[in-house]
Amino acid sequence: MNRLPRLDFWSGVLAVAFVVVAVLMVWPLYSIFTASVIDNRSGAWTLANFAQILGHPAYQAALINSLIVGTGGMIGAMLLGIPLAVLTTRFVIAGRSVLATLSVLALVSPPFIGAYAWIMMLGSNGWMRALLADVGIVPPPIYGMFGILLAFSLKFYPFVFLLTASSLGSISPSVEEAAESLGAGPWRRFFKVTLPLVFPAVSSGALLAFVLSIADFGTPSIVGGKVRLLATTAFDLFTAEMGGNPGLASATSVVLLAVCMTVVVLQRWAVRRRDIAGSLLRRPVPRRLRPAASAVAHIVCYAIVLAGSLPSIVVIYTSFRRTSGPVFHSGFGVESYARILGEVPHVIANSFTYATASVVLIAILGTLIGYILARRETVAAGLLDNMLLIPYIVPGVVMGLAYVVTFNVPPLQITGTAAIIVLMLFIRRLPYAVRSSTSILKQIKGGIEEAAISLGASPSRAFLRVTLPLMMPGIVAGALMSFITAINELSSSLILYVGRTMTMPVRIYLSVLDGQWGTASALSTVLLAVTGLAVFVVYRISDRKESAFV
Amino acid sequence: MARVELRHIGKSYPGVQALDDVELAIESGEFFTLLGPSGCGKTTLLRTVAGFIRQERGEVLVAGQRIDDIPAYRRNIGLVFQDYAIFPHMTVGDNVAFGLSNRRRPRDEIAQRVTRALDLVRLGGYADRLPHQLSGGQQQRVGLARAVVIEPQILLMDEPLSNLDAKLRVELRDDIRDLQHSLGITTLYVTHDQEEALVISDRICVMHSGRVHQVGTPWEVYAQPATLFVAAFVGAMNVIADLPVDAAGTLSFGAEPRTLPMLAGRDRVTLAIRLEDMTLVAATEAVPDDALALDGVVDKISFAGREAFYRVRLDAGPQIQAHVHRPERHLLEHSGARLRLILPLARLHMFDPATGRRIGDAS
C-alpha cells in the first residue's frame, strides 16, 4: 500500500550527501560564475571581465603561458614516464619496487618543494649550476619557463609512469605475440598494438599532468619569475585588490576552469571507444636484457627516478645545515628545527588538526557514499557519482576564490575561520575516498551481506558487522591518502588562511619568498616525514601498493 | 602447406627439462596434435616453432628450410591463442586485415581476402564489430580467420578451445577440423584434452616431462598405448600395478592362473585394461580360456544415463572401475553384491613396471 519510497538509513545518507555537495561545491562554483559576469560597481550583468581577459595582452599572455605550461608539463611527464614504464614492465630491472616507491614519494611530496629545491640547485648560486659550468654546460636560467617545466615534468611523471606501467602489465602477452606472428616487427607491433592498448592509461596520466600543471600555483609563483599564468594572475588580482576587483579574478578562474574542463572532455572523447577489458590468462613476463643494454636501461630508469627524488633529498639535507636567518654556515645542526618549533608551533599544530578533522569527515561520509554508489543503482546515486567528478577538475585556486566569494557574506559567513579550511579540504578530497570505498566494495561480493541477513541480521547490522570490517583496510588506506593530500594542500589554503589559521605549506611558501631556506626546509622535511610515514602504512595495509596512489 | 621437422629439440628452464631431445615429423597437410598434461612441454614446443622461444639444442625445419634464425614476425606461421589475443582496439575486420597490411598487400585485395576469411568462419557481416561485442566463441573464430587469412605455411593452435563452454567447444572443434580439411593446411595443435585430441587429429603426439611418449593415429594411441603414461592419460584405464609372474610367464592373479608366452622370462608386470573392455558376470560363472577373471564386491554404482560405472573392490585388494553400457534397472541394485569381472587377454595392456614400456601384444 505504501507508495512512498522507504525512508531508510541509506536514503538519509543520500540526502545528506546531496546537501553537502550542493552547499560546499555547487553553490561556491555558482557564485564564482555569477561574480565573473557581474560588474563590480553597478551590479549589472556584463561580459566585460571576459572581454578584458581575452583582449588585454597581459591576460592573453597568461592564458597562452598556462597552455604552454600545461602542454609542456604533460609532454615532460610523458617523456619521463612512458620510457620508465616500458623499461620496468618489459625488462628485468633490479629494484623495480624501489623505483615505484620513490616515484610515489615524489608524487605525494609537497607540491612546491621541487620549485625551490631546483632554485637551490640550479639558481645562480646553485651547486649543480657550478658543477655543470665546470664541464662546460650552461643551463638556462632557472627562473621562468625552464624552471616551471623542469619542476612539473619531474613532479608529475609518476602519474604517467604508474598508470602506464599498470596498463602495460595487464596486456596479455598473447596479443603482442599475435601481432608478431602476423608479421609485425618490433616497432610496428609497439605502435600499432601496444601503444593503442595503453593509450587510455597514458592519456589519463597525461591529462592529470596537464590539469595539475596549469592548476598549480606554488611552483610558478616561486620559480616562474616574470612568467604570468592564469592561476597566479587570479591569485594576484584577488590579493592585490581585495574587495576591489573580484569580478576579474573570478573571470580568470572561470577561464582556468574552462581550460581544464575542455582538456578533460577531449581526453574522454579520445578514449571513448576503448572499453578494453581482456581476460588475463597470461601475464607479461619481463625479459632479461643483454648486459650492455641492461646497463643502459638501469641508468635511464634510475636517472629519471633520482632526478624526481632530488628535490626531497636536497630539502632534507638543507634542513640540517647550520643557519642563521637566510645565511647558511658550514657544518650541520638543528637550528632550523629549533626555529620552527619556537616560532611557528601553532602552524604545525594547525596543519595536523585541519588535515585530521577533514580526513575524519571524509572517511565517514566517503565510506557511506561509496556504499550507496556501489550497491544502489538509482538515478540519484548516478547523479551524485557524476557530481563527485567535479572536484577532480577544479583547480585549488579556483575553489579557494569560490569559497571566499561565497562564504565571506551571510548566510554562511565563515571566512577567516578554521572551519572554512577544513570544509575546503573535505570537499576537494571527498571524491577520492568515495572512489576507493567503491572499489573495495566491488571486491566484496554482495552475497556475503545477504548471507548475514538470511542468518537474521538487520541490513544495518549486516553492514556494520560484516561489510564494514571487510572494508576497513581500504577505508584506512583511503583516509591516509586523503591525509597526505590534505596536509600538503597549498593553493586553496593560501587564499583562505588568516594569521591564526596558517598551515605548514603556506608558511613554507612565505618562507621561500622571504629567502628563509632553513625554515622552509625544516617544515618541508616535517611534511615529507609525515607523508613518507603515511605512504609506508598504506603499503603495509593495501595490497595495491603504488597503484593505490594514482 | 609444408612439412615440419623437429630434430633433437632441447630446452631447459632452471630446474626443469622442458624439452628433452624431441624428434618429430609433421607431414604436409596433416592435423597433428601435441597432447599431454600441463607442464609436459607441449606449449614450449609450439612456441619454439612459432619463434617465441629459442631452443638450446636441435633445429626446426619447415619445407626443408631451417627457420631457427628467422624472427617470429618473418616466419609465415599462423597462430591461434588460448585467450584469443584479439586486438581489443581494432574492429573484427581490422584484426583480420592486420597480417595482410603488414605484408603490404593492395587495399582491395585485403578487403576481398578479409571478407572471404570471415565468411569461412561464419562471421560474414561482423567486420565492423568491436571484439568486446562478440562472444568467446566468436572471438576465437576471428582469431582463426586472422591466422588463416595470411595463408601461412603452418597453422599453430595453443589450446584454442579450453576457454569455451562445453557445447561451443564441440561446435568450434568440428569447424576447426572442417576448415583445416578444406584448406589442407599443415596444423600443429596443442591440447590437454584427450577426447578433443582423439576426435580432431590425424596423428597425436603424447608428451610427458618434456619427452615424446608416443606418436600415432588416434586409434593407435588409444588402443595400443606405448607407455603406461599414455595408457593412463588417454581415456580411462584400470591399472593393476606390479604383479609377480613366474618363469613360464604364468600370472596367478585372479580366479584362475593364465600363462602368457610374452611374459616368459619376466618376473613382474603391470596390467591395464579399459573400463569398457571388461564384462561383469555372476560370481559363479565359468572363466573362458582366453580371459582373466577377477572376483570382488560391488562398492558403488554411479548411474549416468546411457551408461553406469561400477566400482568393484577386488578380493585381491585393489579397486577397479567397470563400465556398463545402457544399464538395465536390475543391474543398478547390485551394490554390495559379489561378482566376477572377465578380462579378455586380447584386451589386456601389459607394461614393464620398471620402464613403463609396453610389452608386446597379448594374443
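Biologist: Is B:Asp21 buried, partly exposed or exposed?

Modeller: This is a predicted model. B:Asp21 sits in strand β2 (residues 16-26) of chain B. A residue counts as buried at 20 or more other C-beta atoms within 10 Å and as exposed at 12 or fewer. B:Asp21 has 14 such atoms within 10 Å, so B:Asp21 is partly exposed.

Biologist: What is phi of B:Asp21?

Modeller: Most residues other than glycine have a negative phi. B:Asp21 has a positive value although the residue is not glycine, and its phi is near 55°.

Biologist: Where in chain B does B:Ala63 lie?

Modeller: B:Ala63 is another residue other than glycine with a positive phi, near 50°. B:Ala63 has 14 other C-beta atoms within 10 Å and is therefore partly exposed. Its place is the loop between β4 (57-62) and β5 (65-66) of chain B.

Biologist: How far apart are the C-alpha centres of domain 1 of chain A and domain 2 of chain A?

Modeller: Chain A is divided into domain 1, made of 8-33 + 320-550, and domain 2, made of 47-272 + 286-309. Between their C-alpha centres the distance is 23 Å.

Biologist: Which element supplies the largest share of the side of domain 1 of chain A that touches domain 2 of chain A?

Modeller: The contact takes 31 residues from domain 1 of chain A and 36 residues from domain 2 of chain A. On the domain 1 side, the helices that each supply at least two residues include α1 (9-36), α23 (504-514) and α24 (517-541) of chain A. The largest share, eight residues, comes from α24(A).

Note on methods
Residues are numbered from 1 along each chain as its sequence is written. Chains are lettered from A and ligands numbered from 1 in the order in which they are written. This is a predicted model: local features need pLDDT of at least 70, side-chain atom pairs count only at pLDDT 80 or more; totals for chains, interfaces and linings use all residues. Domain bounds come from an automatic or database domain assignment. Two residues are in contact if their C-beta atoms, placed from the backbone, lie within 7 Å. Helices (H or I, at least four residues) and strands (E, at least two) are DSSP runs, numbered from the N terminus.
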